[in-house]
Structures are given as C-alpha cells and as structure tokens.
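Could you walk me through this model in my viewer, one selection at a time? I would like to know what to pick next and what sits there.

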Amino acid sequence: MLGKVFKAYDIRGTYPDPLDDKMGWQIGYGVSKFLLADAKAAGETSPMMHNIVVGRDMRKSSPSLTKQLIQGINDQGGHVIDVGLVDTPFVYFAINHLDCAGGVMTTASHNPPQYNGFKVSKRKAKPVGEATGLSEVRKHAAMVDRATMQPAHGRTEQRNLWEAYARHVRHFLAPGGSNIKVVIDASNGMAGTMVPMVFGKKCPLGPAPGIEIIELNFDNSKGEFVHEPNPLVASNLRQLQERVKAEKADLGICFDGDADRCVIVDEKGHIVGCDHLTAVLVPYFLKKGGPGGGTGKGGVVYDLRSTKAVSEEILRHGGTPYRSRVGHVFMKQALAEHGCVFGGELSGHFYFRDNFNADSGAIAMAVVLSLLKHSSKTMSQLVAPVKRYVQSGEINFHIEDKDGALLNLRKEVAISVDAKIDELDGLTIDCFDQHGTKAGVPGGWWCNVRKSNTEPLLRLNLEAKDQKTLDAMLARISPMLGTKVDH
C-alpha cells in the first residue's frame, strides 16, 4: 500500500484509502529514522539534530494523520516540535530558525479535500524527493512492525513561532511607498491563517502599514474549499478577478491550499503568468540600490518553460540567467549551486536566497506589494513590456509511446531547421533566432515537450514572436504528439 502514496517529490493519496492513520505512523517512523541518520552522517552533533518540526494544514484528516505521524517519530526516537496549523513555508522557516534535523508538513497542497499527504524536508529545509531520501523513508516505513518494535519514547513540544515567522517574512516588505489595496483569495486554505498572522490584525507585530487587505475565502475551519485550491486553473480565479474589479483594487493574489504557491491578478482582473511575474521581479532583485536590495549583479533561476523575456530581462539588468528543470527540488538545488538571489517557476513557486533558497507564497506576496508600493505604474503597466511574445500555454497530449513521439519530433522538426536542441528536461527545440527553411518550417519560435511521470501524456509549451508563427508551429507539431487533452 505504501507504494500507492509515495510520489516523486512527496507522499500523497486519498484518505482513508489508501492513505490511513496506520500508514501515518509508519511514515513518521521512517521519516525519523532517515532524518536523524542523515544529520548524523553529515557530522551534526548538536542536540537540536534530534528535533523534527511538524506542521499541518486545515484538512479534516490532518489532525489524526499528524497525531500518528508524531507518534511514529517519537517511537523511533525523534523529538518533535509541533508548530500546529501553518502554511508549508512556515515549516521551512522553523527548520532553519531552530536548526533542526528536518521537518514534515501534513498537506495535500492543491488537491481536493479528500486527499492528504506529507511534504518532507531535511536539514536547512532541503527537499526530500525520491532520489534524495523518500525511497529510504519508504523502505524504513515498510520494514517496521509496530506490534513487535520497542518504542524509544521521543518527546513532543508545542511551539508558537508566529512572531518570529512574521518578522522574517516582513523583512521582505520594503518600508514606505504609497498605500495599496489588495484582494486575497485564500482558497479556504492555509493562507486564511497565514495572511492575518503575518500581514493583518492578528500579527504580533501589528498590521503591515499602508496595505488594505480585502479577504476572500479565508474561512478554513471546515476543511473544505469553495473552489479547487489550485490557482493555476483559470476558472478558480474568476471570483478573485471579479472582486478586484468591483473593489477597484491594485491587484489580487490567489494562494493554493498550503500557501506555498500564488498567482497574481492585475488591477484589470487579468491573470499574470508566473513567468511574466518572474521577469517583472528581476530588476527588483538585481537593480542596484533598489528596494529589493539589489547589487546590480547576481544570478536568477527560472523554469525552462518560461518565456524568453525572463532570460532577456536578467541579462538586461546585469544578471546571469540559469535555466532549471521543472520542480522545486531542481529549482532549490540550482539556486543554492549558483548562489542566485531569486528564482521563479511557471507553477507559481517563487524562491529566495534570503529564505534559505526555499519557496514562499508569503514572501512572494511581500515582494509584489513592495514593488507596487514603490512604483508609479500599475500592475498591468509593469507586466506589459515583458509580454512581448505569444504563448500556447501548457497543452497536454495523450499518447502511449511517449519516447517514440519525442524521437519523431526531433527528427521531423529539429533536423529541418538550424535549431538549438537540449534535453535538460524533456526535449527543447529553439528556433527563435532562425529565419526559417525551405522545408517550410518558420523561424522565430521555440518549444519544450516533457513527459508526464505518472500518465501517458506529453506536455507542450510553445512560444513565438507572433501569432501567425505560433499557429503554424502548433499545427505542425501537435499531430506528432498524440490526441489533445482538454484539462
């Protein structure tokens, strides 16, 4: 049964089948054994390296799953610091703030309420995926027999770290500037707890000055959602778009279920692509003397599906662009490896050097608000210059022979033009600077095609200099990838 819930980057499944409380205990035991051994292997001798931070979201199954998770950690010998009902980035902060062996967040992120799971991090809040420890956690969880093992009696303590967390996040909120009105859709998830505690009236530091917050879907007490807690689906943003226009707000922000991702809506109610927002934030972090503390140099990591405008803006402002594979494990690794100041992913994850190289929806909010407060332009005016190319968005195709389709695409399209080709993540064909060929393939476009890890799907992202080229290449490439899936 464990094999059904262990995924590439986290542990997730429907509750109580296949993910149940018994499995929660096993996973707690496995997590503790892995994290404590990992800290010991790294030469960590501090008593704090026996501590594991545990947080949970507001789902109905989270209290019981978390209780069993904690018991499993304690029975293996790990000590638990229970930080309670928090957003996922809070756990990343607590691991570093307390210098612990790692942490676990009980959440199913953007999935519907019948789902739940665990996000595991090790020392310094480094992510634990299948290749970086989850396979070991699974092995330990599968081998333990609760009926015959001798519990080690680790201890558990509750800690309230909201003041320290708010202070950390508010460090990214530039002082001064003009007043701003923002509509926030918490998706009935953990942003409904986080936003008031960090920026609002419940904050131990007091409300953030100059920011009027209009709350939307903040009640998370029922563990249910008015709409799916996934801000990447356009239909989930309709409520926010209408409210922004009705309130004449400066912008809107929608968070996912565990508040580690967010999507922005401008003052006109238009959705801002996360790659476009990354491009807009580049000068904020790189501009010398700017409110983001820029030095005029540095690296920025971006998801390789992002618009060309991202790398162009990084170069224009004196930075070094670094393309990354899709996924928080790879983004965080690239940020740390290259010492980058900032990173942005198409999925709505934004990463910050001064946040332990981890992602944070709360800090992304603080940075966007700071940018607007210190700008004479509206959000739509800031975004307009970087929306200089046309994009297909991510299109899914059903096909059984994914490898064969990629090979055919490379052969039929890439060879017919003088393209740049790489396989950093899937197949990327870049003909952006080409003028076309006699074979009828135009220049001025690029695409990336990636395989789904779990389904017979190929995912296409295509960008071009104009709509005519985009349409032509979609018509040429799409039939090679299978049957288009409308979701």
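Start inside: this predicted model holds 1 cavity of 30 Å³ or more (on a 1 Å grid over the protein atoms alone, a set of points where a 1.4 Å probe fits but cannot get out; points are joined across faces, edges and corners, and volume is the space filled by probe spheres set on them). The largest cavity has about 40 Å³ of space. Select Tyr9, Tyr92, Lys119, Val120, Ser121, Val128 and His328 to see its lining (residues with an atom within 4 Å of a point). Strand β5 (residues 115–122) gives the most, with 3 residues.

Local features need pLDDT of at least 70 and side-chain atom pairs 80 or more, while totals for chains, interfaces and linings use all residues.

Next, colour the open sheet of 5 strands, in the order β8-β7-β9-β10-β11 with mixed pairing (strands are DSSP E runs of at least two residues, helices H or I runs of at least four; pairing takes at least two bridges). Its edge strands are β8 and β11 (271–272). Between β10 (residues 262–266) and β11 there are 2 bridges in the antiparallel sense, and Ile264 stands opposite Val272.

Finally, select β7 (residues 180–185) and β8 (residues 211–216), parallel and joined by 6 bridges. Here Asp185 stands opposite Leu216.

Key: Residues numbered from 1 in each chain as written. Heavy atoms only, no water. 1 Å grid on protein atoms, 1.4 Å probe; cavity = no way out; pocket = protein on both sides within 12 Å on 5 of 7 lines; lining within 4 Å.
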